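Trainee: I have a model open and want to learn how to read it. Please take me through it feature by feature.

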Amino acid sequence: MAQRPLATTDDSAEDKPLADSVPASAGPSLADPSDSTAVSRWLQAQPDLDADYYEVDSALGDDAGSSTASLSASILEYRMIHGRRFHSARGNTDYWGPNDEKQANSMDLCHHTLTLLFDHKIFQAPIGDNPKKVLDVGCGTGLWAIDFADLYEECEVIGTDISPTQPFWVPANLRFEIDDCTAIPWTYAPNSFDFIHLRYLFGAIHDWNALYAEAFRMLRPGSGWAEACEPSTYVRSDDGSILENDGSALAEWAPLLKEAARKYGGTVSEGPRPMDMLEEGLIVKAFRNAGFVDIHYETRKCPLTPFSSDPHLKEVGTYARSAMEEGMEGFVLYLFTNGLGWSREQVTIYLSRVRKELRDKRKSPYVNVQVVYGRKPETASL
């Protein structure tokens, strides 16, 4: 019987080393050659996989069209790259993820996956029963903000994102704004928010310290909380079905992303953006550097397939796999073509292998997902 993965928790993160918050077997680190082993391998032909071991049909079906309504597309001038829609190139905003319906559907599935993974809780911080003003940074399709606004009808909730992919009809206490969280300082009044929520910003942030320092500045002293949720990009297993450098597409997922981000970062003024936030403990360190107290962090294993005999993990894995299958082209297309120099066809070949491995019943892949939250002290200095 498969066991539900244990969360690693820490009630006094300020007093313990960061190594306690992540597994000892961190993903592989790459040197700086022009092409890593992972890159070279996937530019070569890959063998066919034995179909006898693979699941044929997705538990959620093949038609994963998004039900999310979008705001008027005239707000921004979108770009079409390799058949996918991306946000406007105006200003200094540079983000690798598409903002089209396919990616929006992946975000919705991811929201549901994380809600299930964390026992139907959409946040962990002890914010109390009566928050007055809450900010959701990088809100995506807005589902988290909508759920929160429904829970706290007297609270003013603001969701921000660089793209207007949120629905028209939302709770009366919620509004969405177009904003770039990397454009610091933020335009809100300091000391004005009770809770700031930031989730899945990996690949979008160059300076995590600056991001959480700005969130810290916006929070009410003494009672304001910030919470971050970020995944590891390294795909792991506990049963040896996925090993570092084993030649599988899933094992190469993080090394390829890291290499692509490094190379693409060399072409832009700000430099590479970290893709190993959990392995380096960057989020917890940034919370400490910002001045937060009562810092807590928790890391859970998120299965990527629905093959567990544990009903909870099976359900989480069902949605996690659907989210990844729907979103994985959007995750890598921009970075792999611009960073690694791959063609669209080479990206498609690699992703076809990832998809096959996600349906291989012999494999038990998961990624770590970490939640970090902390409070702004009463005597905080800005």
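Mentor: Start with how elements are named. Helices (H or I, at least four residues) and strands (E, at least two) are DSSP runs, numbered from the N terminus. Glycine 159, for example, sits in strand S5 (residues 156-161). Keep in mind that this is a predicted model: local features need pLDDT of at least 70, side-chain atom pairs count only at pLDDT 80 or more, and totals for chains, interfaces and linings use all residues. Residues are numbered from 1 along each chain as its sequence is written, and side-chain values use heavy atoms, with hydrogens and water left out.

Trainee: How many helices and strands does the protein have?

Mentor: Eight helices and 10 strands.

Trainee: Back to glycine 159. Is it buried or exposed?

Mentor: First the cut-offs. Buried means under 20% relative accessible area, exposed over 50%, partly exposed in between (1.4 Å probe, protein chains only). Glycine 159 has 0% relative accessibility, so it counts as buried. Across the 382 residues of the protein, 55% count as buried.

Trainee: Which residues does glycine 159 touch?

Mentor: A contact means heavy atoms within 4.5 Å. Leaving out residues up to four places away in sequence, glycine 159 touches Asp136, Cys139, Leu174, Arg175, Phe176 and Glu177. Its C-alpha atom is 8.6 Å from that of valine 134, which is 25 residues apart from it along the chain. For the protein, take the contacts with a separation of 6 or more: 77% of them join residues 24 or more positions apart.

Trainee: Now helix pairs. How do H2 and H7 cross?

Mentor: Axes are lines fitted to C-alpha atoms, for helices over the stretch in contact, and angles run from 0 to 180 degrees between N-to-C directions. The axes of H2 and H7 come within 8 Å and cross at roughly 155°. That makes H2 roughly antiparallel to H7. The classes are: under 35 degrees roughly parallel, over 145 roughly antiparallel, 65 to 115 roughly perpendicular, the rest oblique. The crossing of H2 and H7 is left-handed; that term applies if the near helix is turned anticlockwise from the far one by less than a right angle, while clockwise is right-handed.

Trainee: Which residues make that contact?

Mentor: Among them are Ser106, Leu109 and Thr113 of H2, and Tyr319, Ala323 and Gly327 of H7. By class, the contact of H2 with H7 has nine nonpolar, nine polar and three charged residues. Here Ala, Val, Leu, Ile, Met, Phe, Trp, Tyr, Cys and Pro count as nonpolar, Asp, Glu, Lys and Arg as charged, and the others, Gly among them, as polar. Look at tyrosine 319 in helix H7. At 22% relative accessibility, it counts as partly exposed.

Trainee: What angle do H5 and H7 make?

Mentor: About 40°, for helix H5 (residues 253-265) against helix H7 (residues 311-340), with axes 8 Å apart. So H5 is oblique to H7. This crossing, too, is left-handed. The contact of H5 with H7 has 14 nonpolar, two polar and two charged residues.

Trainee: What caps the N-terminal end of H4?

Mentor: Look for a polar contact: a pair of N or O atoms within 3.5 Å. Within protein, one must be able to donate a hydrogen and the other to accept it, and residues adjacent in sequence count only if both atoms are side-chain atoms. Aspartate 207 is the cap, with a side-chain oxygen 3.1 Å from the backbone nitrogen of asparagine 209. The buried residues of H4, including Trp208 and Phe216, pack against strand S7 (195-199), strand S8 (225-231) and helix H6 (282-290).
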